[in-house]
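Let's take a friendly walk through a structure together. Have a look at it first, and then we will go through some helices and rings.

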Amino acid sequence: MSKHSPPPDTGTRLHALDNLRALLMWLGIVLHVEAIYAIQRMPNAWRDDQRTLFADVVVSSIHAFRMPAFFILGGFFAALLVRSRGPDGLLRHRLMRLGLPFALFWPLLWLASGVAALFFMNLMVHDEWGLDTQVVPRLPILDSPNTIHLWFLWMLLWFCVAPAALWRLPRAWFAPVESALAWLARQPWGFVVLALPLAVASAAYPNAILAPAGAFLPDWNEWLYHGSFFVFGLMLHGRQAELFARFQRHWAGYAVAGLACYLMATAVTLSQGPVLLSAYSYHCISWLWSFAAIGLALRLVPSRHAVLGYLSDSAYWVYLLHYPLTILFGALLFEQPLPALAKMAINIAGTTLVCLGSYELFVRHGWISQLLNGKRHPRRSRGGGAEHRVT
């Protein structure tokens, strides 16, 4: 959005960001499984009797940076699209890749998630499978239509509509914001300032940590919180040469600083110190570990990787499908006499296998892949050659 913008996209694929997106997507499976076995109160009402503090640590660690990093990537790729295809091209692309899949899959996934949750809750209350809706006074996943885990897709769609409109305005209007964000990103202490909007957006929530409500019309808090990362991603595309190099050089420093903030937040919480101090330390992690994750991906996996490439191709489908599966596997394991760690491992493995297996059998080579990723992959003949290729 400034004179620093790079030349039009040449078609070079940023495989490091694709690889990072694949890992972040898989962490979504881990996050939703761990929440079933955490000791502390979680948004999900379905919980196993076997619980472990390890699950709490995993949930809080992943939650600190996974969605922030996703929104940074979302802003980055939105800027890439608008610079290569123009505002109208961005809008058409995002309506096809985000809006249409949401309209097609949300009703099925909302129903599947609700039924799986009811199965789990019936096991908890009645010790048998069933669909008794009175097991809890209010089960948010079925109380009223909501975006469930697709809230990210829903918000990202609207975040992409905004640049499609704003890019038609004079670029000079946005130069001060872009320059300020780039300057903060260059400062070792910049995350301290970047975390301030997150603290403001989260102040009214329990423990001052924002929790997405899944509403079709989210509160202003959610727009401010997640929009901070998306806008940073928009800026990042125009300054990628400089900032990517910085993230790559200093990823370890960002990671250690984030760990220090995590330990501080934990210490303040355990000592029953100021909630806002604990939460603010936690918000700092969002920036630090997002920068560390981008830098580490650029450093370690900058090119197409066989396994991560496949996971990247399947990431969208896995994102759509995994949530009700984690609930269903949790219900299947509920009465099994296994420790929490074993149940978590089985649930993660089972959900992953079903997601990837269904992707290979029903998605990768057909119209759903075309819908989600803009291409369908060729099937391989027994001799190793492609039977057909559709792009």
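Helix α1 (residues 15-34) and helix α11 (residues 275-300) have axes that come within 8 Å and cross at roughly 125°. That makes α1 oblique to α11; angles under 35 degrees count as roughly parallel, over 145 as roughly antiparallel, 65 to 115 as roughly perpendicular and the rest as oblique. Helices here are DSSP runs of H or I with at least four residues, numbered from the N terminus. Where the two meet, A16, L17 and L20 in α1 touch A293, I294, A297 and L298 in α11, contact meaning heavy atoms within 4.5 Å.

This is a predicted model, in which local features need pLDDT of at least 70, side-chain atom pairs count only at pLDDT 80 or more, and totals for chains, interfaces and linings use all residues. Residues are numbered from 1 along each chain as its sequence is written, and side-chain values use heavy atoms, without hydrogens and water.

Now for the rings. The structure holds 32 aromatic pairs, meaning Phe, Tyr or Trp rings (for Trp, the six-membered ring) with centres within 6.5 Å; planes under 30 degrees apart are stacked, over 60 edge-to-face and the rest tilted. Here are two of them.

| Pair | Centres apart | Planes at | Type |
|---|---|---|---|
| F70 and F152 | 5.3 Å | 40° | tilted |
| F102 and F216 | 6.2 Å | 85° | edge-to-face |

Are F70 and F152 buried or exposed? Both are buried, which means under 20% relative accessible area, with exposed being over 50% and partly exposed in between (1.4 Å probe, protein chains only). F102 is buried at 7%, whereas F216 is partly exposed at 31%.

Definitions and conventions
Axes fitted to C-alpha atoms, helices over the stretch in contact; angles between N-to-C directions.
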